[in-house]
Amino acid sequence: MSEREKTDRTRRRFLTTSLAALGGAAATPALSGEKPDPAITEVQPWRRHLGPGVDASPYGLPSPFEAQVRRRNVPWLTADTRSSINFTPLHQIDGIITPNGLCFERHHSGVAEIDPSRHRLMINGLVEQPLVFTLEDIRRFPRENRIYFMECTANTGMEWHGPQMNGVQFTHGMIHNVMYTGVPLRLILQEAGIKASAKWLLAEGGDAAAMTRSIPLEKALDDCMVAFAQNGEALRPENGYPLRLLVPGWEGNMWIKWLRRLELGDKPWMQREETSKYTDLMPDGTARQFTWVMDAKSVITSPSPQAPITHGKGPLVITGLAWSGHGIISKVDVTLDGGRNWTEARIDGPRLPKSLHRFYLEIDWDGRPMLLQSRAMDETGYVQPTMKALKAIRGENSVYHNNGIQTWHVRENGEVENVEVS
Ligand SMILES: Nc1nc2c(c(=O)[nH]1)N[C@H]1C(S)=C(S)[C@@H](COP(=O)(O)O)O[C@H]1N2
Ligand SMILES: [Mo]
């Protein structure tokens, strides 16, 4: 019998059982001899009285039964939550969009709480006419809607020295994927008039850190945006309200939040800035700099250490995310045996450049241990490397840009552990 036929047969058996349960019949093997299911036979509390009316929650919140779906930080990673990071619960969400309240946060000086009526965006430097915009001014430019991932350069950074964090939220959760509404940066810069000598852009945040980053003008004029909305509503304070810079496909550090100033210059403001921190130390002691693009990467989000298999053997949905700063993901492969055999996974939902892609592989799990991995390929033909291949090139001194293949060890009891295979 083929793998597909076997899966179909198991699924049919599975469906008959569930259908029988719906009908209350106890004729199937799975139900015979068991006590009646109180979820079926008893009237539940929520059927005994009317529920709350329409305005009970003017800004809706998830069901209280979903309270465990939340961002989490790792207290020992940083000394103070105001210069810290928390992580997106990748194992608890599906599809490709990160709900606003679950987008990971990374602040250098806490969240700036900005009164939008007193927020300004200033443009100066090598422009014909320095300008100051209010938010109302920004909203009078033509708008675009774009879905982009934003990944912190340090995502998966703790894993360079072998498995550290036992959960995909912590190994890969410095990423979110949001539909932004905003204005192409090009239009705003052109309004001020770009001088011919301008080659670089300095973006500055309005937080206490006054964080700045230099961006090549070529990128700024390409697909950068100034966004005021995320997933249809105003940006959240954590993510840069009321205005943030988008630098699609490039490292998260450049996506300046609480954006207050754009300066055009003829050379980068590097070294004296934040930027010097974000280099990759190579085995020979030299540093890799200007590594802005986030290379193709993927990870299985379930099963994973925080999302073990609780239903035993039989039908199992393996799912995960894949992304590339270079464009679209063309293919994701999944292995159950640590890389010996690979099967192409099914990508479902929008396949957009520089956005998360969702993949699935449905299997009939025989209950035996697995070494699960996923491997992404992007439209340039680049294939996500193994940890071993990555370390051979980059050595062991790196902190940033770890896009190596992640391995999850699934035990017979369904528990999952973070491991590295050589
Ligand atoms: N103004 C300002 N912008 C900032 C930061 C900051 O601390 N201040 N942190 C940067 C870093 S390192 C990252 S990874 C992202 C985090 O964005 P998020 O909080 O929306 O996840 O914002 C970037 N932009
Ligand atoms: Mo970051």
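I first checked Cys103, which is buried at a relative accessible area of 0%, where buried means under 20% with a 1.4 Å probe and protein chains only. Cys224 is buried too, at 2%. My search of the whole structure for disulfides, taken as pairs of cysteine sulfur atoms within 2.5 Å, found zero.

I note that this is a predicted model, in which local features need pLDDT of at least 70, side-chain atom pairs count only at pLDDT 80 or more, and totals for chains, interfaces and linings use all residues. Residues are numbered from 1 along each chain as its sequence is written, chains are lettered from A and ligands numbered from 1 in the order written, and side-chain values use heavy atoms, without hydrogens and water.

Next I looked at ligand 1, around which there are 21 residues, each with a heavy atom within 4 Å; Phe104, His108, Asn239, Arg244 and Lys257 come nearest. I sorted this shell into eight nonpolar, seven polar and six charged residues, with Asp, Glu, Lys and Arg counted as charged, Ala, Val, Leu, Ile, Met, Phe, Trp, Tyr, Cys and Pro as nonpolar, and the others, Gly among them, as polar.

For polar contacts (N or O pairs within 3.5 Å), I found a polar side-chain atom of His108 at 2.7 Å from an oxygen atom of ligand 1, and a side-chain N or O atom of Asp207 at 2.8 Å from a ligand nitrogen atom.

Terms used. A polar contact is a pair of N or O atoms within 3.5 Å; within protein, one must be able to donate a hydrogen and the other to accept it, and residues adjacent in sequence count only if both atoms are side-chain atoms. Buried means under 20% relative accessible area, exposed over 50%, partly exposed in between (1.4 Å probe, protein chains only).
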